Amino acid sequence: MKKLTFFFYLFTVVSYAQMRVPTMEEVISLRTVGNPVLSPDGKIVAFTVQTTDWSENRFDTEIWISKEGKKPFQLTNTLKGSSTNPAFSPDGQWIAFLADRGNKNQIYTIRMEGGEARMMTKEEESISAFDWHPDGKRFIFSKPDKEDKKEREKRYGSFEVDDKEFVRSHLWEVSLSTDSRELSELPCYETVDSLKSKANCIECPKGKRLTEGAFTITNFIISPDGSKVAINHQPDPLINSGFKADISILDLATQKLTPLVTNLSTDGLEDWSPDSKEILFSSNLNDTTSNYYLNGKLFAIAISDKRQRQLAKELDEDLSSGYVWRSSGIYTSLWNKTKRPLYKIDPKTGNHSIVPNTPDQIFAISFSKSGDQFAFTGRNGDQVTEVYTASTPLPKVQTITNMNSQLTNWKVAQSEVIRWKSKDGATIEGVLHKPKEYDPSKKYPLMVVIHGGPTGIDSPTPVPGYVYPLLQWLDKGCLVLRPNYRGSAGYGEAFRSLNVKNLGVGDAWDVLSGIDYLDSKGLIDKSKMGSMGWSQGGYISAYLTTHTDIFKAISVGAGISNWMTYYVNTDIHPFTRQYLKGTPWSDEAIYKLTSPITNINNAKTPTLIQHGEFDKRVPVANAYELVQGLRDKGVKSELIIYKGFGHGITKPKERLAATWHNWQWFNKYIWGEDVELPLGTKTEDKK
């Protein structure tokens, strides 16, 4: 027994010695899966894989497939672009997808038996979305109308009228040859070198327009019987026009468009019933003043007489998107605290239940035509996301991908969900990450990372990050707290409503009470703490900068500093009006109370500010206002603008830079280390 114990100990020591902290580049280069699509017979699953192309400084998405549960293989390869939106033909013999291969975004097809991808459309504008018609002989697709400002610019130069410069999208149809053999032939197209058509080829058919009018199409679903198309539309593509989204039905035989759902607020198209007699939709009904934080509702409506019934009445969460309706039921996944189960809703009774035997968190789902097989992406708290297939009604789950092999020998975060009481008695949850070699007898520095939203959510994961080097900090010897402050998804309507007229104030209570909870357990060294976050998390971090001095350093990513100036500059004005219940002109006091800049004279904490140059969601003026206030008060601060970016850092090199900037800032003020930004490149093309 002693000999066995010795060898077990030796194995453990050797195994641990082989573990290492991944580099920041390796974390950014993690391959991720998404958008699973199951073939009509349930035997093949297609999905996307995102990789990091360092040489081109982009994230690449390509389509992979697995046949009958076998090892997946890559199906597409679009050079200097991505392949997206996989869709199986009704007979399952073809898969279509979108790609820009030098001719804007077009529809391509590949035979499941093998062969090259063939371009099936040649539209002048990029195709936004498409689907096969159930007869397999045509595609329905949406694309923006042609934009032509050349004549105006010739005389008047370049200008833009606010909220009036946009291009609407409409619905089109393109027919395919009835001879499926022809799909394997090369399509005809003109090249730079020759204007002649190729021999032995078929011309890409011309699209036929299906809709006209002063509206833009944001979503569409073809009925199972192929006779109609349900269309989600709004007056224009501006983001706030989403509150005016309605649903209409297009009869393909007559091309008549008939309004079906026209509530005053957002109506979201979800799916058809299997018999093509009803539409499933989510809605905020007539609520245009609180739909940012109150629950959206779910309904089924009959096409013939517009009779409707509400479903899932007892499900206390925002029921706004992501449903599949099959003969066995209606399926969706929703956050339930830090888990995300698969729900089944009975279309007759409206009752809901949780589908058992699946991972803790389920994201995208896709069902076979019969509904007895489904594919999904999901994970448990100690895993990264994988693709799975399963059967109904009691799933026997099969893992299709092996993304977690990327973590082999990595020192990853150890996660647990903790709970505490906030200042006003609200119960707050958060994810506490510990290092691999955590020692309960020690007190650790604490890094607080605050998610965006506010209706975002954090959950257990082995590789937390974005632009924060959390695995490196954990290995350096600290704890990481990611609080699900009031307003977070997964905790019900009343919890989200706690943010109303309380932004920043209540959020700070939740963060600071979480720190006090950890301190009461003897886990942290309160003399070494940092806070950071992006978007709403950046706003809360800015609020903490001007309201407390308990942190040694703070990082504000794309954060709001002044609700007054934010309100007049952002692209989502209703967000502020709804949460603060007024405008700066109707209630100046609430705007001052919740603005970090109001208390700038109290700021003491060294603050790093990171912001995208062209951010419309949180305009960059917020960054300049905060940094100038801090500079005027003599507070150590630094502003870094990421050129060419909006609200997020969407390219790997700049994401790496932002991660290094946070590493430098916090290491200096938490650990007293001066870190130089390394020059040269150690990355390689991982496409």
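Start with arginine 482 and aspartate 458, whose side chains meet in a salt bridge, 2.7 Å from N to O. By salt bridge I mean a side-chain nitrogen of Lys or Arg within 4 Å of a carboxyl oxygen of Asp or Glu. This pair links distant parts of the chain, 24 residues apart: arginine 482 is in strand 34 (residues 479–484), and aspartate 458 is in the loop between strand 33 (444–450) and helix 4 (470–477). Helices (H or I, at least four residues) and strands (E, at least two) are DSSP runs, numbered from the N terminus.

Is this pair buried or exposed? Arginine 482 is buried, at a relative accessible area of 10%, and aspartate 458 also counts as buried, at 9%. Buried is under 20% relative accessible area, exposed is over 50%, and partly exposed is in between, with a 1.4 Å probe and protein chains only.

A word on the source. This is a predicted model, where local features need pLDDT of at least 70 and side-chain atom pairs count only at pLDDT 80 or more, while totals for chains, interfaces and linings use all residues. Residues are numbered from 1 along each chain as its sequence is written, and side-chain values use heavy atoms, leaving out hydrogens and water.

Next, lysine 501 and aspartate 587, which form a salt bridge at 3.7 Å, N to O. Lysine 501 sits in the loop between helix 5 (493–497) and helix 6, and aspartate 587 in the loop between helix 9 (573–580) and helix 10 (588–593), so the pair ties together parts 86 residues apart in sequence. Lysine 501 is partly exposed, at 39% relative accessibility.

For a local case, take lysine 154 and glutamate 151, with closest N and O atoms 3.3 Å apart in a salt bridge. Both lie in helix 3 (residues 150–156), three residues apart, about one turn of the helix.

Last, the helix contact. The axes of helix 6 (residues 505–520) and helix 7 (residues 536–547) come within 10 Å and cross at roughly 80°. Axes here are lines fitted to C-alpha atoms over the stretch in contact, with angles from 0 to 180 degrees between N-to-C directions. That makes the two helices roughly perpendicular, a label for angles of 65 to 115 degrees.

Notes. Angles under 35 degrees count as roughly parallel, over 145 as roughly antiparallel, 65 to 115 as roughly perpendicular and the rest as oblique.
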